[in-house]
Amino acid sequence: VDAITRGDGQTGDVITQNVIKMKNFQEVLTKPFSGSIRCEVVVAYDDFAKLNLISDENYSNPRNAASGISQRLDGKYSQFCTLQAVDMADLGNPLKTEKERVDYLQDLGIVTVESHLCRHLSQVENIYLDFLKNKRVSYPFDIDGLVIKINDLKLQHSLGSHNNRPKGQVAYKFPASTNQARVLNINWQTGPMGSVTPVAQVEPVEISGAIISSASLANYDLLKEKNINIGDIVEISRRGDVIPYVEKVISKVTPGHTQAPQMCPSCQTELKISDKYLTCP
(Lines give C-alpha, C1' and ligand atoms only; values in the text may rest on other atoms or scores of the structure.)
Protein backbone atom coordinates (compact mmCIF):
# COMPACT_ATOMS: atom_id res chain seq x y z
CA VAL A 1 0.00 0.00 0.00
CA ASP A 2 2.73 2.43 1.02
CA ALA A 3 6.43 2.62 1.77
CA ILE A 4 7.02 4.76 4.86
CA THR A 5 10.20 5.85 6.66
CA ARG A 6 10.75 5.10 10.34
CA GLY A 7 10.57 8.83 11.17
CA ASP A 8 10.32 9.42 14.92
CA GLY A 9 9.13 5.88 15.58
CA GLN A 10 5.47 6.88 15.36
CA THR A 11 5.14 8.99 12.22
CA GLY A 12 7.26 8.81 9.07
CA ASP A 13 7.29 10.07 5.48
CA VAL A 14 5.71 8.29 2.53
CA ILE A 15 8.51 7.44 0.05
CA THR A 16 6.64 4.95 -2.16
CA GLN A 17 7.72 6.83 -5.31
CA ASN A 18 11.34 5.94 -4.49
CA VAL A 19 10.99 2.43 -3.11
CA ILE A 20 9.15 1.03 -6.16
CA LYS A 21 12.28 1.77 -8.24
CA MET A 22 14.78 0.14 -5.86
CA LYS A 23 16.49 -3.21 -6.37
CA ASN A 24 14.77 -6.16 -4.64
CA PHE A 25 11.38 -4.39 -4.66
CA GLN A 26 8.66 -6.99 -5.18
CA GLU A 27 5.54 -5.61 -6.84
CA VAL A 28 3.73 -8.95 -6.54
CA LEU A 29 4.23 -11.35 -3.63
CA THR A 30 4.12 -15.12 -4.09
CA LYS A 31 1.15 -15.50 -1.71
CA PRO A 32 -1.44 -13.32 0.08
CA PHE A 33 -0.01 -11.08 2.80
CA SER A 34 -1.46 -8.47 5.18
CA GLY A 35 0.90 -6.63 7.46
CA SER A 36 4.18 -4.74 7.26
CA ILE A 37 7.70 -5.57 6.12
CA ARG A 38 10.65 -3.58 7.45
CA CYS A 39 13.66 -3.07 5.20
CA GLU A 40 16.96 -1.27 5.26
CA VAL A 41 17.83 0.86 2.23
CA VAL A 42 21.47 0.40 1.23
CA VAL A 43 23.67 1.54 -1.65
CA ALA A 44 26.14 -1.17 -2.66
CA TYR A 45 29.74 -0.17 -3.41
CA ASP A 46 29.33 -0.97 -7.13
CA ASP A 47 26.20 1.17 -7.37
CA PHE A 48 27.87 3.99 -5.43
CA ALA A 49 30.66 4.16 -8.02
CA LYS A 50 28.11 4.27 -10.87
CA LEU A 51 25.97 6.83 -9.04
CA ASN A 52 28.79 9.34 -8.54
CA LEU A 53 29.62 9.20 -12.26
CA ILE A 54 26.18 10.58 -13.22
CA SER A 55 24.80 12.24 -10.08
CA ASP A 56 24.41 16.00 -9.75
CA GLU A 57 24.94 15.47 -6.01
CA ASN A 58 28.34 14.76 -4.44
CA TYR A 59 27.61 11.95 -2.00
CA SER A 60 30.55 11.39 0.35
CA ASN A 61 29.77 7.75 1.15
CA PRO A 62 27.17 5.06 0.36
CA ARG A 63 25.22 5.59 3.58
CA ASN A 64 24.72 9.29 2.93
CA ALA A 65 23.62 8.38 -0.58
CA ALA A 66 21.07 5.83 0.70
CA SER A 67 19.65 8.34 3.18
CA GLY A 68 19.50 11.22 0.70
CA ILE A 69 18.12 9.30 -2.27
CA SER A 70 15.47 7.40 -0.31
CA GLN A 71 13.87 10.66 0.86
CA ARG A 72 13.87 12.52 -2.47
CA LEU A 73 10.48 13.65 -3.76
CA ASP A 74 11.11 12.78 -7.41
CA GLY A 75 12.37 9.19 -7.27
CA LYS A 76 15.62 10.19 -8.99
CA TYR A 77 18.59 7.80 -8.56
CA SER A 78 16.43 5.30 -6.60
CA GLN A 79 17.58 2.54 -8.96
CA PHE A 80 20.98 2.71 -7.23
CA CYS A 81 19.42 1.71 -3.88
CA THR A 82 18.77 -1.84 -2.70
CA LEU A 83 16.17 -3.11 -0.22
CA GLN A 84 17.17 -5.68 2.41
CA ALA A 85 14.33 -6.97 4.60
CA VAL A 86 15.12 -7.25 8.32
CA ASP A 87 11.75 -7.70 10.07
CA MET A 88 8.02 -8.19 9.51
CA ALA A 89 4.63 -8.19 11.18
CA ASP A 90 2.03 -10.44 9.53
CA LEU A 91 -1.42 -9.58 10.87
CA GLY A 92 -2.93 -12.87 9.73
CA ASN A 93 -0.15 -15.30 10.60
CA PRO A 94 1.41 -14.90 14.08
CA LEU A 95 4.86 -16.47 13.94
CA LYS A 96 6.75 -17.82 16.93
CA THR A 97 10.41 -17.25 16.11
CA GLU A 98 12.76 -14.90 14.26
CA LYS A 99 13.83 -17.83 12.07
CA GLU A 100 10.19 -18.35 11.01
CA ARG A 101 9.99 -14.66 10.11
CA VAL A 102 13.06 -14.85 7.87
CA ASP A 103 11.82 -18.03 6.21
CA TYR A 104 8.35 -16.56 5.68
CA LEU A 105 9.76 -13.38 4.10
CA GLN A 106 11.82 -15.47 1.72
CA ASP A 107 8.72 -17.56 0.88
CA LEU A 108 7.01 -14.29 -0.11
CA GLY A 109 9.82 -13.63 -2.59
CA ILE A 110 11.43 -10.93 -0.42
CA VAL A 111 15.23 -10.63 -0.21
CA THR A 112 16.36 -10.64 3.44
CA VAL A 113 19.60 -9.71 5.17
CA GLU A 114 22.07 -12.52 5.81
CA SER A 115 21.06 -14.33 8.99
CA HIS A 116 22.24 -17.29 11.07
CA LEU A 117 20.50 -19.34 13.76
CA CYS A 118 22.98 -19.87 16.60
CA ARG A 119 22.63 -22.29 19.53
CA HIS A 120 25.56 -20.91 21.54
CA LEU A 121 27.24 -17.53 22.00
CA SER A 122 30.49 -19.07 20.76
CA GLN A 123 28.83 -19.41 17.34
CA VAL A 124 27.92 -15.71 17.43
CA GLU A 125 31.54 -14.86 18.25
CA ASN A 126 32.82 -17.01 15.38
CA ILE A 127 30.52 -15.21 12.90
CA TYR A 128 31.61 -11.83 14.29
CA LEU A 129 35.31 -12.67 13.95
CA ASP A 130 34.78 -14.04 10.44
CA PHE A 131 33.20 -10.74 9.38
CA LEU A 132 35.89 -8.71 11.11
CA LYS A 133 38.83 -10.62 9.60
CA ASN A 134 37.47 -11.75 6.24
CA LYS A 135 33.95 -11.04 5.01
CA ARG A 136 33.61 -7.37 5.90
CA VAL A 137 36.12 -6.09 3.35
CA SER A 138 34.49 -8.04 0.51
CA TYR A 139 30.85 -7.45 1.54
CA PRO A 140 28.85 -5.66 -1.18
CA PHE A 141 27.77 -2.79 1.11
CA ASP A 142 28.78 -0.99 4.31
CA ILE A 143 28.11 -2.78 7.60
CA ASP A 144 29.25 -1.61 11.03
CA GLY A 145 28.35 -4.69 13.06
CA LEU A 146 25.83 -7.46 13.68
CA VAL A 147 22.42 -7.56 15.36
CA ILE A 148 21.79 -10.43 17.77
CA LYS A 149 18.13 -11.32 18.42
CA ILE A 150 16.57 -13.86 20.76
CA ASN A 151 14.88 -16.36 18.45
CA ASP A 152 11.77 -17.00 20.60
CA LEU A 153 9.49 -14.00 19.92
CA LYS A 154 7.38 -14.52 23.04
CA LEU A 155 10.49 -14.47 25.22
CA GLN A 156 11.90 -11.54 23.25
CA HIS A 157 8.76 -9.43 23.77
CA SER A 158 8.48 -10.37 27.46
CA LEU A 159 11.84 -8.65 28.10
CA GLY A 160 10.28 -5.30 27.14
CA SER A 161 12.28 -2.26 26.09
CA HIS A 162 14.36 0.58 27.50
CA ASN A 163 14.24 4.06 25.91
CA ASN A 164 12.29 2.53 23.00
CA ARG A 165 15.06 -0.02 22.40
CA PRO A 166 14.00 -3.69 22.65
CA LYS A 167 15.98 -5.67 25.23
CA GLY A 168 15.58 -8.85 23.20
CA GLN A 169 17.88 -7.48 20.48
CA VAL A 170 21.37 -6.05 20.77
CA ALA A 171 23.87 -4.52 18.34
CA TYR A 172 27.34 -6.09 18.28
CA LYS A 173 29.41 -3.34 16.66
CA PHE A 174 32.77 -3.66 14.97
CA PRO A 175 35.61 -1.49 16.37
CA ALA A 176 35.68 1.98 14.84
CA SER A 177 38.36 2.58 12.20
CA THR A 178 40.84 5.26 13.28
CA ASN A 179 43.74 7.38 12.06
CA GLN A 180 45.81 10.31 13.31
CA ALA A 181 45.67 13.90 12.07
CA ARG A 182 46.78 17.40 13.05
CA VAL A 183 44.11 19.92 14.11
CA LEU A 184 44.35 22.89 11.71
CA ASN A 185 41.49 24.93 13.16
CA ILE A 186 38.42 24.67 15.35
CA ASN A 187 35.26 26.12 13.84
CA TRP A 188 32.09 26.91 15.77
CA GLN A 189 28.79 26.08 14.10
CA THR A 190 25.34 27.24 15.16
CA GLY A 191 22.71 24.54 14.71
CA PRO A 192 19.03 25.10 13.80
CA MET A 193 17.99 24.90 17.49
CA GLY A 194 20.69 27.35 18.64
CA SER A 195 23.35 24.92 19.90
CA VAL A 196 26.86 26.11 19.11
CA THR A 197 29.15 23.15 18.45
CA PRO A 198 32.94 23.00 17.94
CA VAL A 199 34.11 21.16 14.82
CA ALA A 200 37.77 20.31 14.34
CA GLN A 201 39.23 21.02 10.90
CA VAL A 202 42.05 18.51 10.43
CA GLU A 203 44.67 17.64 7.85
CA PRO A 204 42.89 15.36 5.34
CA VAL A 205 43.30 11.72 6.34
CA GLU A 206 41.83 8.48 4.98
CA ILE A 207 39.65 6.31 7.24
CA SER A 208 37.72 3.30 5.92
CA GLY A 209 38.01 4.51 2.35
CA ALA A 210 36.77 8.06 3.06
CA ILE A 211 38.87 11.25 3.19
CA ILE A 212 38.19 13.05 6.47
CA SER A 213 38.94 16.76 6.79
CA SER A 214 36.65 17.69 9.70
CA ALA A 215 35.39 15.89 12.81
CA SER A 216 32.78 16.64 15.45
CA LEU A 217 33.74 17.58 18.99
CA ALA A 218 30.08 17.20 20.12
CA ASN A 219 30.07 20.03 22.71
CA TYR A 220 32.32 22.52 24.50
CA ASP A 221 32.62 20.35 27.64
CA LEU A 222 34.13 17.57 25.53
CA LEU A 223 36.67 19.96 23.99
CA LYS A 224 37.75 21.06 27.50
CA GLU A 225 37.77 17.51 28.88
CA LYS A 226 40.00 16.23 26.07
CA ASN A 227 42.14 19.40 26.21
CA ILE A 228 42.17 19.89 22.43
CA ASN A 229 43.83 22.86 20.78
CA ILE A 230 44.92 23.93 17.30
CA GLY A 231 48.15 22.15 16.30
CA ASP A 232 47.56 19.05 18.45
CA ILE A 233 47.79 15.57 16.90
CA VAL A 234 44.53 13.73 17.55
CA GLU A 235 43.02 10.30 16.92
CA ILE A 236 40.06 10.43 14.52
CA SER A 237 37.50 7.65 14.23
CA ARG A 238 34.46 7.05 12.03
CA ARG A 239 31.84 5.99 14.54
CA GLY A 240 29.52 3.47 12.97
CA ASP A 241 31.84 3.78 9.96
CA VAL A 242 30.08 7.07 9.18
CA ILE A 243 30.49 9.99 11.59
CA PRO A 244 34.04 11.43 12.00
CA TYR A 245 34.80 11.95 15.68
CA VAL A 246 37.81 13.16 17.69
CA GLU A 247 38.61 10.39 20.18
CA LYS A 248 41.65 11.79 22.03
CA VAL A 249 44.86 13.80 21.83
CA ILE A 250 47.82 11.67 20.74
CA SER A 251 50.48 14.39 20.91
CA LYS A 252 49.93 17.67 22.77
CA VAL A 253 51.50 20.52 20.75
CA THR A 254 49.66 23.65 21.94
CA PRO A 255 49.12 24.14 25.71
CA GLY A 256 45.55 24.26 27.01
CA HIS A 257 42.36 24.03 24.99
CA THR A 258 40.71 26.32 22.47
CA GLN A 259 38.50 28.92 24.15
CA ALA A 260 34.82 29.13 23.33
CA PRO A 261 33.46 32.21 21.53
CA GLN A 262 31.51 34.78 23.52
CA MET A 263 29.23 35.68 20.62
CA CYS A 264 27.19 33.53 18.26
CA PRO A 265 29.18 32.96 15.05
CA SER A 266 25.96 33.27 13.06
CA CYS A 267 24.19 36.37 14.47
CA GLN A 268 26.66 37.84 17.02
CA THR A 269 24.22 37.46 19.94
CA GLU A 270 25.86 36.82 23.31
CA LEU A 271 25.97 33.08 23.99
CA LYS A 272 24.57 31.33 27.07
CA ILE A 273 25.87 28.19 28.81
CA SER A 274 23.17 25.51 29.16
CA ASP A 275 24.37 22.35 30.90
CA LYS A 276 27.41 21.32 28.80
CA TYR A 277 26.27 23.17 25.71
CA LEU A 278 26.76 26.68 24.37
CA THR A 279 23.50 28.07 23.06
CA CYS A 280 22.39 31.14 21.17
CA PRO A 281 19.15 32.52 22.61
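Select T178 to begin: leaving aside residues up to four places away in sequence, T178 touches I207, E235, I236 and S237. Contact here means heavy atoms within 4.5 Å. This is a predicted model, where local features need pLDDT of at least 70 and side-chain atom pairs count only at pLDDT 80 or more, while totals for chains, interfaces and linings use all residues. Residues are numbered from 1 along each chain as its sequence is written, and side-chain values use heavy atoms, with hydrogens and water left out.

**Stop 1: T178**

Colour residues 177-190. That is strand β7, and T178 is found in it. Helices (H or I, at least four residues) and strands (E, at least two) are DSSP runs, numbered from the N terminus. The cut-offs: buried is under 20% relative accessible area, exposed is over 50%, and partly exposed lies in between (1.4 Å probe, protein chains only).

T178 and S115 are 63 residues apart in sequence. Their C-alpha atoms are 28 Å apart in space.

**Stop 2: S237**

Move to S237, one of the residues that T178 touches. S237 sits in strand β10, residues 233-239. Why does S237 count as buried? Because its relative accessible area is 0%.

Show what surrounds S237. Not counting residues up to four places away in sequence, S237 touches A176, S177, T178, I207, I243, P244, Y245 and E247. Then show the side chains of S237 and E247. They make a polar contact at 2.5 Å. A polar contact is a pair of N or O atoms within 3.5 Å; within protein, one must be able to donate a hydrogen and the other to accept it, and residues adjacent in sequence count only if both atoms are side-chain atoms.

**Stop 3: L159**

Select L159. L159 lies in the loop between α6 (153-158) and β4 (161-162). L159 counts as partly exposed, at 37% relative accessibility.

**Last stop: the whole protein**

Zoom out. How many helices and strands does the protein have? There are seven helices and 13 strands. The C-alpha atoms fill a box of roughly 65 × 45 × 40 Å, taken along the principal axes. Of the 281 residues, 35% count as buried. Among contacts between residues at least 6 apart in sequence, 58% join residues at least 24 apart.
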